[in-house]
Amino acid sequence: MRGGARSVPDRPGTAAAAAASDGTALLAATPDRMRGALGHFASGVTVVTTATEGPDGPHAHGMTANAFTSVSLEPPLVLVSISTRARSHRRIDDSGRYGVSILGAGQGPVAHHFAGGAQSPEAVSLEWRDGLPLVGGALVHLACRVRQSHRAGDHTLFVGEVEGLWLGSGGPLVHYRRDLRALAGPAPTPPGDPGAVSLRDQAPAPAPVPTQAPASAPVPDRRPPQTPEPTAVREHAPHQAPAPAPVPIQAPAPRRDPNPGTDREERPAHAR
């Protein structure tokens, strides 16, 4: 067999793997580095909840998670990624259902509470919808039933079909580089803003009615001239039809958590 030089694949720690083609350091994807790198991806913040039956009724469990995404619109599917070490993993697997509460800008204490950080039970209020506990005051509530589950490394991907959806309003809470930040919501439309009314809803201005001049010549006024009294002039505002009154949506009355001592999870690796 003729001898010759052979290429050696790069391995972590070798000189060839020390630098990438652009001169930057090529680092091994350790858990700490992955956490720091993926922290640059800004995401919303959710609390994933489920319920278990106890002797005194249903008991709520929740954990903060930012590994949440939409999967499909038809059928309506979403996905949450739960660590296999989290207590909620077993509970969701057993119950086959979970809720997702997308947190609003002012709900940072709620996120820390369910992530195993500073305890703020006074900031947490739960509403029961369709048999699932959901965080009160959240921007969005989703009630989901697990349709598929896929093991991926040290996490399980729970694909859930959305069986109920409730919408709130306001700005979102955002997770970026291990910190929680608030984003302002859309500015409310100021009263009287023409953009608030469709052109189809504006009443057309009535056409002016022409006046007919008298046929006979006017009789001259022989009275002595009088100084006219000052008259008040009122500026005419353009006509605009009022915006239609909003139709109130009757949401189902929330049922409060019968057991306010909710379970909390330790902070998952991807949410630190």
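**View 1. Overall composition of the predicted model.** Of the 272 residues in the protein, 32% are buried (under 20% relative accessible area with a 1.4 Å probe, counting protein chains only; exposed is over 50%, and partly exposed lies in between). This is a predicted model, in which local features need pLDDT of at least 70 and side-chain atom pairs count only at pLDDT 80 or more, whereas totals for chains, interfaces and linings use all residues. Residues are numbered from 1 along each chain as its sequence is written, and side-chain values use heavy atoms, with hydrogens and water left out. The protein contains three helices and 13 strands (DSSP runs numbered from the N terminus, of at least four residues in state H or I for helices and at least two in state E for strands). The accessible surface comes to about 18700 Å², and carbon and sulfur atoms hold 57% of that area (Shrake-Rupley method, 1.4 Å probe).

View 2. Thr-50 belongs to strand E2, residues 46–54, and is buried, with a relative accessible area of 1%. A polar atom of its side chain lies 3.0 Å from the backbone oxygen of Arg-97. Not counting residues up to four places away in sequence, Thr-50 touches residues including His-59, Ala-60, His-61, Ile-92, Arg-97 and Leu-132 (contact means heavy atoms within 4.5 Å).

**View 3. The hairpin of E2 and E3.** Two residues connect E2 to E3 in a hairpin, and the two strands pair in the antiparallel sense over nine bridges (pairing requires at least two DSSP bridges between two strands). Ala-51 has Ala-60 of E3 as its bridge partner. Strand E3 (residues 57–65) is largely enclosed by the rest of the structure, because eight of its nine residues are buried.

View 4. The strands form an open sheet in the order E3-E2-E6-E9-E10-E5-E4, with antiparallel pairing. E3 and strand E4 (68–72) stand at the edges with a single partner strand each, so one side of each has no neighbour in the sheet. Neighbouring strands are turned by 35° against each other on average, direction ignored (axes are lines fitted to C-alpha atoms, for helices over the stretch in contact; angles run from 0 to 180 degrees between N-to-C directions). Helix H2 (residues 87–95) packs on this sheet and touches E2, E3, E5, E6, E9 and E10. The direction of H2 makes about 65° with that of E2.

Technical notes. A polar contact is a pair of N or O atoms within 3.5 Å; within protein, one must be able to donate a hydrogen and the other to accept it, and residues adjacent in sequence count only if both atoms are side-chain atoms.
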